[in-house]
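The report below goes through one protein model, from its overall build to a few selected sites. Please keep the sequence and the coordinates at hand while reading.

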Amino acid sequence: MRERGEREHQVTRTGSTVNAVKVRAQAPGGHIPRKIMDGTKPVMESNAEETQDEGQESKGCFECCIKCLGGVPYASLVATILCFLGVSLFCGCGHVALTGTLTMLENHFSRITSDHATLAAVIQIFQYVIYGIASFFLVYAILLLGEGFYTTSAIKKELQSDFKTTICGRCITAFFMFLTYIFALVFIAIFCFTAIPVFLFFNMWNTCAAMRSPDSNITSIDSICVDVRQYGIIPLNATPGKACGATLTDICNTNEFYLSYHLYIVALAGAGATVIALIHYLMILAANWAYLKTAASTHDYQDIKTKDDQDLEAEARSKEGQNSSSYS
């Protein structure tokens, strides 16, 4: 028996040695990895776990970004950008164009200060109004964008069965809708008013172009005049009040006329863009108000239905309890 035990012990040692040799042969350099001998995890497994953790972290960041992007009111954002662009073009170009128009009138059509004093005061008032329009619509567009975020958040909460809105919130949306409607009408009037100087400058531009054209059969260009007094811009007794022939051609070649004409066109385009942005806002606010009202009614109905179901369930349980007690 003793010899048999020694022989089994020797076979066991021989098998362990063979296994160690196999591990050493598979390992680079013929050395046994310390982690295998210590019973710890291999390096490849730890790297795989780190890669998996990084993948989960990147997936979490991606889902967070998607969630944030899902809460952006893109329709309100587009309308806000268009409103900023339109108001900036109208206010900036309109301010510079009014200054150039006053300079051109003082130099060529009304050399006496008292004749165009009223016009200068009106232009200055318009410039101050432009400052107010720019400041007001900057704040108003941000408020409308905030209302878009509010409605988008309410929609997401409804999808998650956590819809919460108040009558005050719906009233604010309705109030913004009313204000936006009024401002849209005001800017439509501004758009039409801005078209007047564009029309006047366009007539002067065409008159000068006709005089410079070689195909025109004009015998005397001195007979072609532009009288700004007939438009009511300056009084009828203003001196000289009109420009004819070569003088008119020189006026059309001045920097004040060229710059003011094109700036009025850009200001007209800016007013049109602002009108489109306000109409876009009006559609968004109307849709938001209707959605909030419908969602609030649906939510109230679901609450009442849930309460009735709970009452019926409690009544059924009480009847079951009474029946069980009567049988016993």
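Does Arg 229 count as buried or exposed? With a relative accessibility of 18%, Arg 229 counts as buried, where buried stands for under 20% relative accessible area, exposed for over 50% and partly exposed for what lies in between, with a 1.4 Å probe and protein chains only.

## Basis of the model

This is a predicted model, in which local features need pLDDT of at least 70 and side-chain atom pairs count only at pLDDT 80 or more, while totals for chains, interfaces and linings use all residues. Residues are numbered from 1 along each chain as its sequence is written, and side-chain values use heavy atoms, with hydrogens and water left out.

## Overall build

The protein chain contains 8 helices and 2 strands, taken as DSSP runs (H or I over at least four residues for helices, E over at least two for strands) and numbered from the N terminus. Read from the N terminus, the order of elements is α-α-α-α-α-α-β-β-α-α.

Of the 328 residues in the protein chain, 28% are buried. The accessible surface comes to about 21,300 Å², and carbon and sulfur atoms account for 63% of it; these areas come from the Shrake-Rupley method with a 1.4 Å probe, and for residues only the protein chains shown count as cover. Among contacts (heavy atoms within 4.5 Å) between residues at least 6 apart in sequence, 79% join residues at least 24 apart.

## The salt bridge

The structure holds 1 salt bridge, a term that requires a side-chain nitrogen of Lys or Arg within 4 Å of a carboxyl oxygen of Asp or Glu. Arg 229 and Asp 227 form a salt bridge in which the closest N and O atoms are 3.0 Å apart. Side chains of opposite charge can pair when their charged atoms come close.

## Glu 147 in helix 5

Glu 147 lies in helix 5, which spans residues 117-159, and counts as buried because its relative accessibility is 5%. Its side chain makes polar contacts (pairs of N or O atoms within 3.5 Å, one able to donate a hydrogen and the other to accept it within protein, with residues adjacent in sequence counted only if both atoms are side-chain atoms) with the side chain of Thr 173 at 2.9 Å and with that of Asn 288 at 3.4 Å. Leaving out residues up to four places away in sequence, Glu 147 touches Phe 176 and Leu 285 as well as Thr 173 and Asn 288.

Helix 7, residues 245-252, has Gly 245, Leu 248, Thr 249, Ile 251 and Cys 252 as its buried residues. They cover an arc of only 160° around the axis, so they sit on the same side of helix 7; the arc is taken from the directions from the helix axis to the C-beta atoms.

Phe 257 belongs to helix 8, residues 255-327, and at 0% relative accessibility Phe 257 counts as buried. Apart from neighbours within four places in sequence, Phe 257 is in contact with Ile 251 and Cys 252, and also with Met 104, Phe 201, Met 204 and Trp 205. Met 104 and Phe 257 are 153 residues apart in sequence, yet their C-alpha atoms are 7.0 Å apart in space.

## A nonpolar surface patch

Val 122, Ile 125, Phe 126, Val 129, Phe 193 and Ile 196 make a nonpolar surface patch of about 520 Å². Patches are made of residues with over 30% relative accessible area and no salt bridge, like charges being joined within 9 Å and nonpolar side chains (Val, Leu, Ile, Met, Phe, Trp, Tyr) within 5 Å.

Helix 5 and helix 6 (167-212) each supply at least two residues of the patch, and the largest share, 4 residues, comes from helix 5. Phe 126 has its place in helix 5 and, at 34% relative accessibility, Phe 126 counts as partly exposed.
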